[in-house]
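This note is meant to be read beside the sequence and the 3D view. Please keep both open while going through the numbered points.

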Amino acid sequence: MRKLLLLALAAVALTASAQPPSSLKDAYKDLFMMGVAVNQRNITDSAQSALVVREFSSMTAENDMKPASVHPRPDTWTWERADRIADFCRHHGIKLRGHTLMWHNQMCDWMFYDADHRFVSKDTLFQRMRQHIHTVVNRYKDIVYCWDVFNECIADGPRRLDADGHDQPLRESKFYQICHSDEFIRKAFEYAREADPDALLFYNDYNECDPVKCDRICTMIRSMKADGVPIDGIGMQGHYNIYGPSEADIENAVSRYADIVDHIHMTELDIRVNREMGGQLQHSDNAGATLTDTLLRRQQAQYAAVFRVMRRHADKVDCVTFWNLSDRDSWLGPDNYPLLFDRNYQPKPVYHTVRDFE
Ligand code: XIL
């Protein structure tokens with residue numbers, strides 16, 4: 001009788017283990033965290049926030065922690081929306097990725113100018129950056145486990161030379177125009193480390209699997225780390241499309257980053273059904289496009305490829321974050337169909353591709 005009971009129990013256990021995992025975070029719990037970028041609706045609407053809590057173990061504020069959002073004027077700090085996200089994470093025990101301390105977009109433009117609208121000196125800029133970074137990092141120290149310290153500093157496109165004939169891989173941002181070197185990036189990491197010695201500090205960029213850009217990122221991070229700049233990780237944004245990058249290019253980029261840093265995050269994953277990719281909305285939001293079976297299958301194949309690479313590198317990959325919760329929320333517009341949940345917040349077939357991997 002006892003034996004029968006044990007057998008029955010074993011059978012129940014077997015059936016239970018054959019069940020697919022109940023959520024993304026559960027499916028990947030032994031590999032890395034699964035994250036999502038959220039807007040205010042996602043954390044206030046009860047159905048949406050239940051979905052966030054059910055599926056994800058890490059969160060990023062889509063816009064609400066960016067410099068322009070929290071620090072629009074020198075003496076004005078607007079914390080309400082960022083605080084709401086931080087409180088949501090505290091309440092639900094979800095980890096919070098900080099995004100982003102410095103960026104050329106959605107930046108506090110006032111930081112670059114004096115009262116006569118001329119560029120400030122490098123020292124004034126550094127002072128303002130330091131004050132901003134210290135204030136933000138200190139406020140969320142208890143809940144933010146890592147920060148994108150600088151976002152998108154490397155230029156796309158062909159090789160350029162500076163006035164002295166040296167290779168100039170940096171974007172011609174206002175930071176660069178004021179500093180004429182990469183010192184602003186180094187400083188930002190130092191200030192972030194001063195403010196929180198425990199947070200993991202990331203450099204984050206897009207088109208990061210493009211071999212030329214990957215090369216530039218590797219060269220820059222390697223040289224900074226050799227000089228003792230406190231960089232812990234590389235954020236691969238992951239704004240891809242169904243045609244690229246290839247699995248080989250993703251694999252190659254992750255392997256190269258893994259040679260330089262111990263922490264890799266995919267920070268902004270979405271897969272468009274057209275040919276655009278990267279950090280900008282280029283030509284369209286794909287309005288009116290229908291999702292044919294062929295496009296759907298390609299998207300499933302591309303998601304499968306991304307996660308195969310991430311799983312192969314789970315020793316260095318700590319987190320994969322989707323850029324938005326559902327197609328309805330996507331910064332690319334719903335007609336790009338880039339995410340795992342549809343505009344009614346229902347899982348799409350591609351959700352199962354990602355969750356129920358073999
Ligand atoms: C995007 C947001 O999703 C949009 O709502 C906003 O209008 C512009 O910024 N790379 C990044 C993100 O690092 O911060 C960007 O987010 C998308 C590209």
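1. Where is aspartate 64 found? Aspartate 64 is in the loop between strand S2 (58-61) and helix H5 (67-70). Helices (H or I, at least four residues) and strands (E, at least two) are DSSP runs, numbered from the N terminus.

2. A word on the source is needed before going further. This is a predicted model, in which local features need pLDDT of at least 70 and side-chain atom pairs count only at pLDDT 80 or more, while totals for chains, interfaces and linings use all residues. Residues are numbered from 1 along each chain as its sequence is written, and side-chain values use heavy atoms, with hydrogens and water left out.

3. The protein chain has 13 helices and nine strands. Its radius of gyration is 21 Å, close to the 21 Å that the globule rule gives for 358 residues, so the chain is as compact as a globular protein of that length. Here the radius of gyration is taken over C-alpha atoms, and the globule rule is 2.2 Å times the number of residues to the power 0.38. Along the principal axes, the C-alpha atoms fill a box of roughly 85 × 45 × 40 Å.

4. Of the 358 residues in the protein chain, 52% are buried. Buried means under 20% relative accessible area, exposed over 50%, and partly exposed in between (1.4 Å probe, protein chains only). Among contacts with a separation of 6 or more, 75% join residues 24 or more positions apart; contact means heavy atoms within 4.5 Å.

5. Which residues have the most contacts inside the largest nonpolar core? They are Met59, Met129, Phe150, Phe184 and Phe307, in a core of 104 residues. Helix H9 (residues 183-195) gives the most to this core, with seven residues. Apart from it lies another core, of five residues, among them Met33, Tyr145, Cys146 and Phe202. A nonpolar core is a set of buried Ala, Val, Leu, Ile, Met, Phe, Trp, Tyr and Cys residues joined through side-chain atoms within 4.5 Å.

6. Methionine 59 deserves a separate look. Leaving aside neighbours within four places in sequence, methionine 59 is in contact with residues including Val36, Val38, Ile43, Ile85, Phe88 and Leu96. Its partners also include Lys95 and Arg97.

7. Aspartate 64 can now be taken up again. At 8% relative accessibility, aspartate 64 counts as buried. Beyond four places in sequence, aspartate 64 is in contact with Gln40, Ser69, Val70, Arg81, Ala82 and Ile85.

8. Is glutamate 190 buried or partly exposed? Glutamate 190, which is placed in helix H9, counts as partly exposed because its relative accessibility is 34%. Glutamate 190 and arginine 130 are 60 residues apart in sequence and 9.0 Å apart in space, C-alpha to C-alpha.

9. Histidine 134 is in helix H7 and is buried, with a relative accessible area of 17%. Not counting residues up to four places away in sequence, histidine 134 touches Tyr191, Glu194 and Ala195. The C-alpha atoms of histidine 134 and alanine 195 are separated by 5.3 Å, although the two residues are 61 apart along the chain.

10. Glutamate 152 lies in the loop between strand S4 (144-151) and helix H8 (174-179). With a relative accessible area of 2%, glutamate 152 is buried. Its C-alpha atom is 6.2 Å from that of asparagine 204, 52 residues apart along the chain.

11. Most residues other than glycine have a negative phi, and most peptide bonds are trans. The bond from histidine 99 to threonine 100 is cis, with omega near -5 degrees, and the bond from glycine 244 to proline 245 is cis, with omega near 0 degrees. Asparagine 207 has a positive phi, near 50 degrees, and is partly exposed, with a relative accessible area of 23%. Tyrosine 345 has a positive phi of about 65 degrees, and tyrosine 345 is buried, at 13%.
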